[in-house]
Each structure stands twice: as C-alpha cells, then as structure tokens.
Amino acid sequence: GDILDGECFDLVTATSICGRRIPEYLERVAPNLERADRSREYQRIKRRHSRAIARLRPVLDQLRCPHGEGDLLCLCRQENEPKEALRT
C-alpha cells in the first residue's frame, strides 16, 4: 500500500509473479500505440518497474529468516523457533 501504487503493483505482479515480459505487459495495457509511442512507453514502464523493485527489496529483505543461510525456504534449526516447511 505505502510502497507501490496500483499501477506499479500490477506491473510487478505481471512480471515477477506471472512471468510476463515488459513488452507483453505493454501490449496488454496499451495495445493501440504507434511504434514511436510504444518505444517511449516501453522505456517509461521499464524505469517504473526498476524503481518499484528497488523499493520492494528492503521490505522483502526484512522477511528473510536469519537462520536460512541463503536457502529459498526457511528451515529454522532451533527448537524454539517457528518451523516452516513445504506444504503440499
């Protein structure tokens, strides 16, 4: 909420979670742009995407488990700490 507005949230979700590339995202949000306008809009979206990711990194870094040692999943090794595992 405080970090990304709705448009940036949509952009980051489309690219980072859904796996769309920025040109695909641009085609979805502005399908009727002329070639020159498409190029300028692509550059604008690319910059917006980079800035949004940069704003998110510090927030997401705080969620990292200090005992994860770079693993993708938290596997806390101490008895008194929460244990997270793959849930199927």
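Arginine 38 is partly exposed, at 21% relative accessibility. That is just a value from a predicted model, as is everything else I will show. The cut-off for buried is under 20%, so arginine 38, at 21%, counts as partly exposed.

What does arginine 38 pair with? Its partner in a salt bridge is glutamate 27, and the closest N and O atoms are 3.5 Å apart. Glutamate 27 sits in helix H2, residues 22-29, while arginine 38 belongs to helix H3, residues 35-61, so this pair ties together parts that are 11 residues apart in sequence. Glutamate 27 is also partly exposed, with a relative accessible area of 40%.

Next, pairs inside helix H3.

Aspartate 37 and arginine 40 form a salt bridge through their side chains, at 2.3 Å from N to O. These two are three residues apart in helix H3, which means about one helical turn separates them. On accessibility, aspartate 37 is partly exposed at 32%, whereas arginine 40 is exposed at 55%.

Further along, glutamate 41 meets arginine 44 in a salt bridge, with an N to O distance of 2.3 Å. Both residues lie in helix H3, three residues apart, about one turn of the helix. Arginine 44 has 35% relative accessibility and counts as partly exposed.

Note on methods:
Residues are numbered from 1 along each chain as its sequence is written. This is a predicted model: local features need pLDDT of at least 70, side-chain atom pairs count only at pLDDT 80 or more; totals for chains, interfaces and linings use all residues. Side-chain values use heavy atoms; hydrogens and water are left out. A salt bridge is a side-chain nitrogen of Lys or Arg within 4 Å of a carboxyl oxygen of Asp or Glu. Helices (H or I, at least four residues) and strands (E, at least two) are DSSP runs, numbered from the N terminus. Buried means under 20% relative accessible area, exposed over 50%, partly exposed in between (1.4 Å probe, protein chains only).
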